[in-house]
Amino acid sequence: LEKYNIHAPYLLYTGVWRSHENLLRLIEAFHILKTDYDFDGSLVITGRKDALYEPELKQKTFSLQLENDIVFTGLVSDGELVLLYNGALAYVFPSLYEGFGLPPLEAMQCGVPVVAANSSSIPEICGMDNALFFDPHNPKDMAQKIYEVLSQKSLREKLVAKGLERVKQFS
């Protein structure tokens, strides 16, 4: 956390920085989470940068005055990624399209509740009862579902337990 100047508590996203990953709406949802739900934490975005998309992410962050609340790490080592998963309050996967998305399963393996888009193959990969799903086109819905996980201890515990069972179905 010190290496990347990450302050707990935090939400985590990991993956490529491309438009289909829906990171602009994730940033909007994070803004709603902070302003409407008084979330006092950070958003950590890890993964491979895309030179064409990164300026949009930084501009959105700046325009919403979130530059002190969002940490863009770029690629991290596998060991660092495991530590980031383990320290996160929740893993958020806003992708509009996935062939097969591994990050939600990685989060589940680390005992982190998953809040994910109800699109593409994501519900099938996660399993319908093992994550909380949102409309990826609706930042308000995304923020509301994240807040549900953050504010309801029993829901978090259920998602963690069910996620740990779900990952046993994959090698």
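This is a predicted model: local features need pLDDT of at least 70, side-chain atom pairs count only at pLDDT 80 or more; totals for chains, interfaces and linings use all residues.

Tutor: Residues are numbered from 1 along each chain as its sequence is written, and side-chain values use heavy atoms, with hydrogens and water left out.

Student: Is Ile 125 buried or exposed?

Tutor: Buried means under 20% relative accessible area, exposed over 50%, and partly exposed in between (1.4 Å probe, protein chains only). Ile 125 has 5% relative accessibility, so the residue counts as buried.

Student: In which helix is Ile 125?

Tutor: Helices are DSSP runs (H or I, at least four residues), numbered from the N terminus. Ile 125 falls within residues 122-126, and that run is helix H5.

Student: Which residues does Ile 125 touch, not counting those up to four places away in sequence?

Tutor: Contact means heavy atoms within 4.5 Å. Not counting residues up to four places away in sequence, the contacts are Phe 100, Gly 101, Leu 105, Arg 166 and Phe 170.

Student: How many salt bridges does the structure hold?

Tutor: Side chains of opposite charge can pair when their charged atoms come close. A salt bridge is a side-chain nitrogen of Lys or Arg within 4 Å of a carboxyl oxygen of Asp or Glu. The structure's total is 9.

Student: How far apart are the N and O atoms in the salt bridge of Lys 58 and Glu 54?

Tutor: Both residues lie in helix H2 (residues 54-63), 4 residues apart, about one turn of the helix. Lys 58 is partly exposed at 38% relative accessibility, whereas Glu 54 is buried at 18%. Their side chains meet with an N to O distance of 3.5 Å.

Student: Is Lys 168 buried or exposed?

Tutor: Lys 168 forms a salt bridge with Glu 165 (3.0 Å, N to O). Glu 165 is partly exposed at 46% relative accessibility. Lys 168 has a relative accessible area of 61%, so this lysine is exposed.

Student: Which residues do salt bridges with shared partners join into one network?

Tutor: Glu 54 pairs with Lys 58. Glu 54 also pairs with Lys 49, the closest N and O atoms being 3.7 Å apart. The network joins Lys 49, Glu 54 and Lys 58.

Note on methods: Helices (H or I, at least four residues) and strands (E, at least two) are DSSP runs, numbered from the N terminus.
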